[in-house]
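Subject: Structure for you to look at

Hello,

Please find the structure below, followed by notes on what was found in it.

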Amino acid sequence: MLYRIANNARPLLAALGFLGAVLLPPWVPLLVMVLLAFRFAAWEIPAIGLFVDLIWLAPSGEGLLASLPLFTLAGLALMWGLEPLRSEFLTR
Amino acid sequence: MSSYLRSDRRKARRRLLIATVIVVALFALDILSGGFFRGIARTASMIVWSAGSRIESAVFGSGYFSSRRSLQTENDALKQKIIEFEVETAEIETLKNENAELREVVHLAESTGGITAPIVSSVRSSPYGTFMVGAGTAEGISAGSMVMAGGGRSFVIGRITEAGEHSSLVKEVFAPGVSAEGELRGAVLLFEGQGGGNARAKAPRTLSVAEGDSVTSALFGGRLIGVVGAVSSDSGSAYQSVYVRTPVNLSKLQFVYVVPNR
């Protein structure tokens, strides 16, 4: 039962992440990315990050921090960084 | 470890690698194409945001949450009234300063020709202190145009950083990670943006600063960019922290005034 709920959570979390990127404060898609990364090897993690950056990142921001695609980088870091943890503890 | 698990993990990693390549390729292609994918993503986000706004107004306008909603509305109206008073006070003070400084500063707001543009995105969703307005190059707006709000359209809240045909991306003056030089009581200070229309600066303790003091910036033609919301100082430090905010509630704004570059 729990297994099924956890698996069904992936599309729901992904939808929340994409909608949150447009409608909700930035910590919502970030939290969704973290939650997805803990449970799934999901392509949606960097996709949400890329979506946030495509919408909101100014192309020539002032300062290094302002011009870096932080959410895309965070998505890639989460997806790859938690892969050893996922492969160690999770079974399919 | 069984060969089945090993092969499963290998497959998962291959999928992650493909996802990484696609994400990086899309980002690179977007830069090379001058924002093709950005345009698509922003158009989609504007459609979603406008649908979200309609749903929100339908739900809250239905009367279902009326008692809570009416209190909230009253509270917001009172807060807005306070903000308007603060804006007026700050404006008066700035005008006084201008007169004192040999009446050399040209009257700004009256002489600027601009257009009123609707805000077409959420102003709280961006992690980079940006939002979108529904006017672009077709309306004479280009990157660098000033975006203003407030009573008399006198407060600068940001600058256009990217202009599309009918929509533009605005970067707030006090966006996170962005520093803006401003003048407070005759002293030039560096204000570090904190997002949400807030900024912080370190000022010498000898500088007399009070809540409600106005901050202007030469970067924005000497216009107002904020008012002092709080001042805190430590007796052991030579500096005091000055907290500045935009005196208009950005999340309540529906329209802004854009002054095109000359």
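The model is predicted, and local features need pLDDT of at least 70, side-chain atom pairs count only at pLDDT 80 or more, and totals for chains, interfaces and linings use all residues. Residues are numbered from 1 along each chain as its sequence is written, chains are lettered from A and ligands numbered from 1 in the order in which they are written, and side-chain values use heavy atoms, with hydrogens and water left out.

Pocket and cavity

Both terms are worked out on a 1 Å grid over the protein atoms alone: a cavity is a set of points where a 1.4 Å probe fits but cannot get out, whereas a pocket is an open set with protein on both sides within 12 Å along at least five of seven lines. Lining residues have an atom within 4 Å of a point. Grid points are joined across faces, edges and corners, and a volume is the space filled by probe spheres set on the points.

The largest pocket has a volume of about 900 Å³. It is lined by 26 residues, and the closest to its centre are B:Trp49, B:Ser53, B:Glu56, B:Ser251 and B:Lys252. Two elements of chain B, α2 (36–61) and α3 (66–100), are those that give two or more residues to this lining. Helices (H or I, at least four residues) and strands (E, at least two) are DSSP runs, numbered from the N terminus.

How many cavities of 30 Å³ or more are there? The count comes to one, and the largest cavity has a volume of about 30 Å³. Its lining consists of B:Val156, B:Ile157, B:Glu172, B:Val173, B:Phe174, B:Gly197, B:Ile225, B:Thr246 and B:Leu250. These divide into six nonpolar, two polar and one charged.

Salt bridges

A salt bridge is a side-chain nitrogen of Lys or Arg within 4 Å of a carboxyl oxygen of Asp or Glu. Over all chains, the structure holds eight of them.

One of these joins A:Glu83 and B:Arg13, with the closest N and O atoms 3.6 Å apart. This pair crosses between chains, from helix α6 (residues 83–89) of chain A to helix α1 (residues 3–32) of chain B. Buried means under 20% relative accessible area, exposed means over 50%, and partly exposed lies in between (1.4 Å probe, protein chains only). A:Glu83 counts as buried at 5% relative accessibility, while B:Arg13 is partly exposed at 40%.

Within chain B, B:Arg200 and B:Glu192 form a salt bridge (4.0 Å, N to O). B:Arg200 has a relative accessible area of 34% and is partly exposed; B:Glu192, at 39%, is also partly exposed. Elsewhere, salt bridges that share partners join B:Asp30, B:Arg38, B:Arg42 and B:Glu162 into one network.

Chain A

Chain A has six helices and zero strands, and buried residues make up 48% of its 92 residues.

A:Leu68 is found in the loop between α4 (64–67) and α5 (70–81) of chain A. This leucine is partly exposed, with a relative accessible area of 32%. A:Leu68 and A:Leu57 are 11 residues apart along the chain, and their C-alpha atoms are separated by 8.2 Å.

Two residues in chain B

Most residues other than glycine have a negative phi. B:Arg185 has a positive phi of about 50° although it is not a glycine. B:Arg185 lies in the loop between β6 (179–184) and β7 (187–195) of chain B and is partly exposed, with a relative accessible area of 47%.

B:Ala199 is found in strand β8 (residues 198–204) of chain B and counts as buried at 2% relative accessibility. The C-alpha atoms of B:Ala199 and B:Ser179 are separated by 8.6 Å, and the two residues are 20 apart along the chain.

Regards

Terms used: Nonpolar A, V, L, I, M, F, W, Y, C, P; charged D, E, K, R; others polar.
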